[in-house]
Amino acid sequence: ELEHFFKNLKLTIIDALPQCLGPLPANAATYCSKYMKRHGIKEFYTMKYNAKDPNFYASVGIPEGPNKEYVCIGVKASNYFM
């Protein structure tokens, strides 16, 4: 959806967990990861976000640093209708 409105947007996901979607099944994480790769979203796992470290952005392929960053912490996967 973001790609539709922002054609030049480049996204990077950084997570301390070993895979995307945290505690969900491995098949769900694999599906999601394949989708993100097809759409050019860079993924970095088992890595802690540390913008104060001068080498951090270079280690995730953004040596000049981002133009804008959004931090999302503490998201809980919920399914209340079941």
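**Contacts, a buried serine and a pocket**

Trainee: Among contacts between residues at least 6 apart in sequence, what share joins residues at least 24 apart?
Mentor: This is a predicted model. Take the contacts in the protein chain between residues at least 6 apart in sequence. The share that joins residues at least 24 apart is 45%.

Trainee: What pattern does the chain follow along the sequence?
Mentor: Start with the elements: three helices and two strands. Read along the sequence, they give α-β-α-β-α.

Trainee: Is Ser33 buried or exposed?
Mentor: Ser33 sits in helix α2, residues 26–38. Its relative accessibility is 13%. The cut-off for buried is under 20%. Ser33 therefore counts as buried.

Trainee: Which side chain makes a polar contact with the side chain of Ser33?
Mentor: Set aside the neighbours within four places in sequence, and Ser33 is in contact with Cys20 and Glu43. The polar contact between side chains is at 2.9 Å. Its partner is Glu43.

Trainee: Which element supplies the largest share of the lining of the largest pocket?
Mentor: The pocket holds about 1,600 Å³ of space. β1 (12–15), α2, β2 (42–45) and α3 (56–59) each supply at least two lining residues. The largest share is four residues, and it comes from β1.

Trainee: How many residues of that lining are nonpolar?
Mentor: The lining has 43 residues, with Thr12, Ile13, Ile14, Tyr70 and Val71 nearest the pocket centre. Seven are polar and eight are charged. The nonpolar residues number 28.

Notes. Residues numbered from 1 in each chain as written. Predicted model: local features only at pLDDT ≥ 70, side-chain atom pairs only at ≥ 80, totals over all residues. Heavy atoms only, no water. Buried < 20%, exposed > 50% of the residue type's maximum accessible area, 1.4 Å probe, protein only. Polar contact = N/O pair within 3.5 Å; in protein donor to acceptor, adjacent residues only side chain to side chain. Contact = heavy atoms within 4.5 Å. 1 Å grid on protein atoms, 1.4 Å probe; cavity = no way out; pocket = protein on both sides within 12 Å on 5 of 7 lines; lining within 4 Å. Points joined across faces, edges and corners; volume = space filled by probe spheres on them. Nonpolar A, V, L, I, M, F, W, Y, C, P; charged D, E, K, R; others polar.
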